[in-house]
Amino acid sequence: MIKGHVALVTGAGSGLGAATARHLASLGATVACIDLTEGAAAAVAADIGGLALGADVSDAAAVEAAFDRLLEKLGVPRVVVSCAGIGTAARILPRDGSLTIGAFERTLRVNLLGTYTVMSVAARAIAAAEPLDGDGARGVIINTASIAYEDGQIGQAAYSASKGGVASMTLPASRELARFGIRVMTIAPGLFETSMSAGLPDDVRAEILKAVPFPSRMGDANEFARLVQCIVENPMLNGSVIRLDAAARMPIK
Ligand SMILES: NC(=O)c1ccc[n+]([C@@H]2O[C@H](COP(=O)([O-])OP(=O)(O)OC[C@H]3O[C@@H](n4cnc5c(N)ncnc54)[C@H](O)[C@@H]3O)[C@@H](O)[C@H]2O)c1
Ligand SMILES: C[C@]12CC(=O)[C@H]3[C@@H](CCC4=CC(=O)CC[C@@]43C)[C@@H]1CC[C@@H]2C(=O)CO
């Protein structure tokens, strides 16, 4: 379902998404790269002979328009990987007494609604495509949560809620889309070396790394991409959330 097929990666302009787009291309897929930062998506797409699409995944109309262009240019993607997301630091009761409801809403809109929107638009197209094998497989959708969905730290209520929603969608989505031959899986990464984690203060990063048993280091984005490949290539992986975290359990803050 990779070599000779079309794949779609959101958040492909950076980090885990960019590594995944590159890896799928190296395995013979033609990859559409969606990102809010179209220039970043274009740089990756240019490197891998793919298609760059600028879209805000929290904007359903923008996602549909991007997907229409994808269908026109490349055809139906059989592998869809949602990496687009934001890391939000927002306490419920910040010291300045402000309310952080706007930060919560934005985080949920991008990380949860955006993931649902891409999954919905993609599933509609994949369900109408021809089956690829004797099982009747038509495609696989891989979403990205975070170990924060289970080990959320102080200041991560919004982020953890958004990732908890992504994780919780996995089983019902896989159950519903099974009849169309579409698998749904979620990866919950620990701490990986990307632009997003670069925003971690050094003391916070050091505390998190102390809680990473082995290998006690930040993950490499290519290690995330290799798990995507494993999921695509193993048809028995469906409806599950896989923690990719070196046995990490994040500390309280
Ligand atoms: N890096 C980590 O340690 C880590 C750990 C756990 C989970 N994650 C998750 O992995 C995913 C990828 O994160 P990353 O570390 O590669 O971050 P990153 O910031 O390097 O890449 C995220 C990409 O998503 C894009 N994006 C953000 N909002 C968007 C939107 N509304 N529409 C379209 N594109 C949008 C950004 O422009 C960026 O290119 C995110 O969902 C993140 O929450 C990351
Ligand atoms: C998202 C994640 C954990 C966090 O909450 C941080 C984020 C990087 C930017 C941040 C700086 C802070 O001072 C507060 C925390 C946070 C929002 C981290 C990037 C990846 C981390 C993750 O998801 C671990 O699984």
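**Exercise 1.** How many bridges join strand E1 to strand E2, and in which sense do the strands run?

*Solution.* The model is predicted: local features need pLDDT of at least 70, side-chain atom pairs count only at pLDDT 80 or more, and totals for chains, interfaces and linings use all residues. Residues are numbered from 1 along each chain as its sequence is written, chains are lettered from A and ligands numbered from 1 in the order in which they are written, and side-chain values use heavy atoms, without hydrogens and water.

Step 1. Strands are DSSP runs of at least two residues and helices (H or I) of at least four, numbered from the N terminus; two strands pair if DSSP finds at least two bridges between them.

Step 2. E1 (residues 6–10) and E2 (residues 30–35) run parallel, joined by five bridges. Thr 10 has Ile 34 as its bridge partner in E2.

**Exercise 2.** Determine which strand residue stands opposite Val 6 in E4.

*Solution.* E4 (residues 77–82) pairs with E1 in the parallel sense over five bridges. Within E4, Pro 77 stands opposite Val 6.

**Exercise 3.** Identify the polar contacts (pairs of N or O atoms within 3.5 Å) of ligand 1 with Asp 56, Lys 163 and Gly 190.

*Solution.* Step 1. An N or O atom in the side chain of Asp 56 is 2.9 Å from a nitrogen atom of ligand 1.

Step 2. An oxygen atom of ligand 1 lies 2.8 Å from a polar side-chain atom of Lys 163.

Step 3. For Gly 190, a backbone N or O atom lies 3.4 Å from a ligand 1 oxygen atom.

Key: Polar contact = N/O pair within 3.5 Å; in protein donor to acceptor, adjacent residues only side chain to side chain.
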